[in-house]
Amino acid sequence: MVATLILLVMAICVMTSPSILSFQQDQPRVLLLSFDGFRWDYIYKVPTPNFHYIMKNGVRVKQVTNVFITKTYPNHYTMVTGLYAESHGIVANEMYDPVLNKTFSLNNMNIYNSKFWEEACPIWVTNQMEGHRTGAAMWPGTDVKIHGVFPTHYLFYNESVSFEDRVAKLIDWFISEEPINFGLLYWEQPDAMGHVLGPENPLMGAVISEIDGKLGYLVSELKKAKLWDTLNIIITSDHGMAQSSSERLIELDQYVARELYTMVDHSPVVAILPKEGKLDEVYEALVNAHPNMTVYKKEEIPSRLHYRYNSKIQPILAMADEGWEILQNKSDQLSLGNHGYDNILPEMHPIFLAYGPAFRKNTTKEAMSLTDLYPLLCHLLGISPLPNNGSFSNVEDLLLREVPRDPHPKFYEQESYAYFIGVFLGSTLVVVFLLVFTKHLTHRQLPSMQVQHTEISQPLLQG
Ligand SMILES: [Zn+2]
């Protein structure tokens, strides 16, 4: 009897498992790659054959309007939530939350307080709630527990882990027995060198060439792993970079005493928290202080910036014109490149390329918003987007008319059909078997149960 039962279970597994396996192999797969600070036009500064290979075989969007402020964390969180910074709550790299009375700092890697992240729900949480698996290699926020969830696989942030090691991890996760459907890959360049050299420095050519080489490495590894033809890959960034200069400095110390405020976030968009009762005094001191600095009270921040309705946005915001820096005085560290400026400026815009079975070939689109990436990702993954500030219809024209989720639809239908027949037949056999087995057991054991009953009853009767 037991042997029969084992055989039945094995039969069900054999009947159903190929279908499950093929479902996993056919499920749409997406890799999202961000090269931090890769300005949209860098690919034309020096030969970048690998970027051009993707463009020729896929799509490119010329101007992607990212979100204000054009910094790393706000924009990376926008990519995975589709929300403006005021709505997802990661309003800067350096933040103070007056409700929590807590600070958040990318500079000090003090970013692990989940509360800062939980105004929104990133796409990997939704992906996993819908039964899929995610793998993240250093993407901002993926090593933070958000709404009680980490990505299925993730790496604890460590900038010294090489690009090649990050790629190797992702490929392992994509081809494992329980594969991920969604991978996120982050690389710190060319942002870091862009700050040091400035984007107009001829030495940036070598930095961009090196990144082109990294992209070429990724493509060849994906081909080796036989992932290249089935994976949808999106290559983008959080922001661009503008050239700074020691000739274009605004020194706050010249206009307002340091004791009157706390500088929460730094140049080129400075978040200012005035000391108790000093709001008007600080504002009046700064509002007309310098022709290349625009100063807003929080409630005056233009609505087009979508940067007002959040308790982590400070009472005063001082915004430098492009290429200008706001420091307390000249002794503060100055870099030759910076970002964070108005998101209307082309120099702040990131690159956007995509390739894969879902995307059109050799196609260029004029413009999109970075918030549109999230509904696009949800569509590619076949998951339901949460409310967001993007629009799938803005980016639908990047896709082939029919998203080829499955290269063999008829075969797939037959397999699905076989799967349900298998489950139905298997379940019926088990039920029939259990009925027969139970009946047999009941008949066989009935006398001994009666004996037991009698034995238990005896002492009671005696008592
Ligand atoms: Zn940067």
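## A buried asparagine, a covered helix and a cavity

Asparagine 127 is found in helix H5, which spans residues 123–129. The structure you are looking at is a predicted model.

**Asparagine 127**
- Is asparagine 127 buried or exposed? Its relative accessible area is 0%, and buried means under 20%, so asparagine 127 counts as buried.
- Its side chain makes a polar contact with the side chain of asparagine 181, at 2.8 Å.
- Setting aside neighbours within four places in sequence, asparagine 127 is in contact with His132, Arg133, Thr134, Asn181, Phe182, Leu381 and Ile383.

**Helix H10**
- Leu381, one of those contacts of asparagine 127, is also one of the buried residues of H10.
- Helix H10 covers residues 373–381, and eight of its nine residues are buried.
- The buried ones are Leu373, Tyr374, Pro375, Leu376, Leu377, Cys378, Leu380 and Leu381.
- Just after H10 comes glycine 382, with a positive phi of about 70°.

**The cavity**
- How many cavities of 30 Å³ or more does the structure hold? There is one, and the largest cavity has a volume of about 60 Å³.
- The largest cavity is lined by 13 residues, and the closest to its centre are Val91, Ala92, Ala271, Tyr307 and Lys312.
- Strand E3 (94–97) and strand E11 (261–265) are the elements that each give two or more residues to this lining.
- The largest share, three residues, comes from E3.
- Sorted by class, the lining of the largest cavity has nine nonpolar, one polar and three charged residues.

Notes:
Residues numbered from 1 in each chain as written. Predicted model: local features only at pLDDT ≥ 70, side-chain atom pairs only at ≥ 80, totals over all residues. Heavy atoms only, no water. Buried < 20%, exposed > 50% of the residue type's maximum accessible area, 1.4 Å probe, protein only. Helix = DSSP H or I, 4+ residues; strand = E, 2+ residues; numbered from the N terminus. Polar contact = N/O pair within 3.5 Å; in protein donor to acceptor, adjacent residues only side chain to side chain. Contact = heavy atoms within 4.5 Å. 1 Å grid on protein atoms, 1.4 Å probe; cavity = no way out; pocket = protein on both sides within 12 Å on 5 of 7 lines; lining within 4 Å. Points joined across faces, edges and corners; volume = space filled by probe spheres on them. Nonpolar A, V, L, I, M, F, W, Y, C, P; charged D, E, K, R; others polar.
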